[in-house]
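Here is a short briefing for a reader new to this structure. Start with the sequence and the model below.

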Amino acid sequence: MHLRNLGDGLTVSAIGIGCMPMIKDGNIVYGEEADPGEAIRTIHRAIDMGVTFFDTAQIYGPFQNEELVGEAIKGKRDGLVIATKFGFRFDDKRITGIDGSPANARASVEGSLKRLGIDCIDLYYQHRMDPNVPIEETMGALSDLVKEGKIKHIGLSEAAPARLRAANAVHQVAALQSEYSLWERDVEDDILGTCRELGIGFVPYSPLGRGFLTGSIRSLDDLPANDWRRNDPRWQGDNFAANLTIVDAVGAVAAKHGVSHAQVALGWLLAQGPDVVPIPGVKRRVTMEDSVLAADLVLDADDLAALNAASPKGATAGPRYGEMGMRMVRI
C-alpha cells in the first residue's frame, strides 16, 4: 500500500476506510442492512491489505460505530491511524444540535476513547463548525488535549477558508475532511488551495458520490425504502437522470483500464495531489478490496481530461444536501 502525508507529520495509507456504513440499525443507512460480523472482517482484511487509516465518528449510530471499530482493532492497534469526530449535542441518542464548545470537546473525547478502547486518538476532528463558538476557543481545548496525550492530531470538517486560517493560527491542523469527488468539486474554488498554503492535508468523504459514481445504481427504485439517499437532492427525479452522464464517463475510462467505476473515481481523486486521501465508505470485504486497489491505478492525461470534461465544477445537478445540511457546510 502506498503511503501519503497529510499535515502535522501525519502519514496514512493512500486510501482510508470510512466505517460509517458498518453498523446495523444506525441513524444513516446506505443500501442493505449491515452485518457487523462482516464489517469487522472487512476492517481486518483492510489491515491485511496495508490500510492504516480508519474513520469513524461519535454521531454514527450514534455511538455504535465507534464501538464496532474498537472491537475490530483489538489486538491490531499498532500502526493504525484511528480518526473520529465530535461536535454535536445529544439527548440520550437523539442529536439536538451542534456544539463546538471546549467543554463538549473534552467530554466527547473521553467517550470516544472508551468506546474505541484506545488511550489516544490519532486524528480528532470537529465534525461541523459551530458558528456560535469562536474557533480559537475550540482549538485551544483541542490543543490542550494534544498536550495531555489524549489526541495526536487535530482535524476539521467542512470548514471555510477563514475558519481554517484562524484555527491553524492556534494549532497546526493536520487534515480537513470535506466532501470532494467527481460530482462535488466546489472545494477547488478556495478551500483546497488554502489547505495547501497552510500545510493541511485533505480527506475527501463521500468520494464515490454516496455510491452514485460506482454505476451500480441506475434508478432510485434500486434503493431500500429506508435508504438515506432517498432524501438526497442529487438522487431525485431529473437530477438523477442528468447525473448519470457522469457515471457513463467514469464507465468509459473503467472499461479502457479493465477496472471498476469505483477505482476510476478514486483514482481521479488521488491524481488531484499527493495530499489527498479519500475514505470510501464500506461494509463488506468485496467492495473494500475493490476500492483499495485504486491506490495502484494510474490514470493518464487523456483519462483525466475526459473525466474533467464530463464533470466540470458546478455541473452536477442538484445541491449535495437538503436545506438543513447545506447550512452546516463551508462555515
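Beyond its neighbours within four places in sequence, His153 is in contact (heavy atoms within 4.5 Å) with Asp8, Gly9, Leu10, Ile121, Asp122, Leu123, Tyr124 and Ala174. The model is predicted: local features need pLDDT of at least 70, side-chain atom pairs count only at pLDDT 80 or more, and totals for chains, interfaces and linings use all residues. Residues are numbered from 1 along each chain as its sequence is written, and side-chain values use heavy atoms, leaving out hydrogens and water.

**His153**
- His153 lies in strand E9 (residues 151-157); strands are DSSP runs of E, at least two residues, and helices are runs of H or I, at least four, each numbered from the N terminus.
- His153 has a relative accessible area of 12%, so it is buried (under 20% relative accessible area, with a 1.4 Å probe and protein chains only).

**Helices H5 and H6**
- The axes of H5 (residues 161-170) and H6 (residues 191-198) come within 9 Å and cross at roughly 15°; axes are lines fitted to C-alpha atoms over the stretch in contact, with angles from 0 to 180 degrees between N-to-C directions.
- H5 is therefore roughly parallel to H6 (angles under 35 degrees).
- Pro161, Leu164, Arg165 and Asn168 of H5 meet Ile191, Thr194, Cys195, Glu197 and Leu198 of H6.

**Cysteines**
- The count is 0 disulfides, taking a disulfide as a pair of cysteine sulfur atoms within 2.5 Å.
- Cys120 is in no disulfide; its nearest cysteine sulfur, that of Cys19, is 18 Å away.
- Cys120 is buried at 9% relative accessibility.
- Cys195 is buried too, with a relative accessible area of 1%.

Conventions. Angles under 35 degrees count as roughly parallel, over 145 as roughly antiparallel, 65 to 115 as roughly perpendicular and the rest as oblique. Buried means under 20% relative accessible area, exposed over 50%, partly exposed in between (1.4 Å probe, protein chains only).
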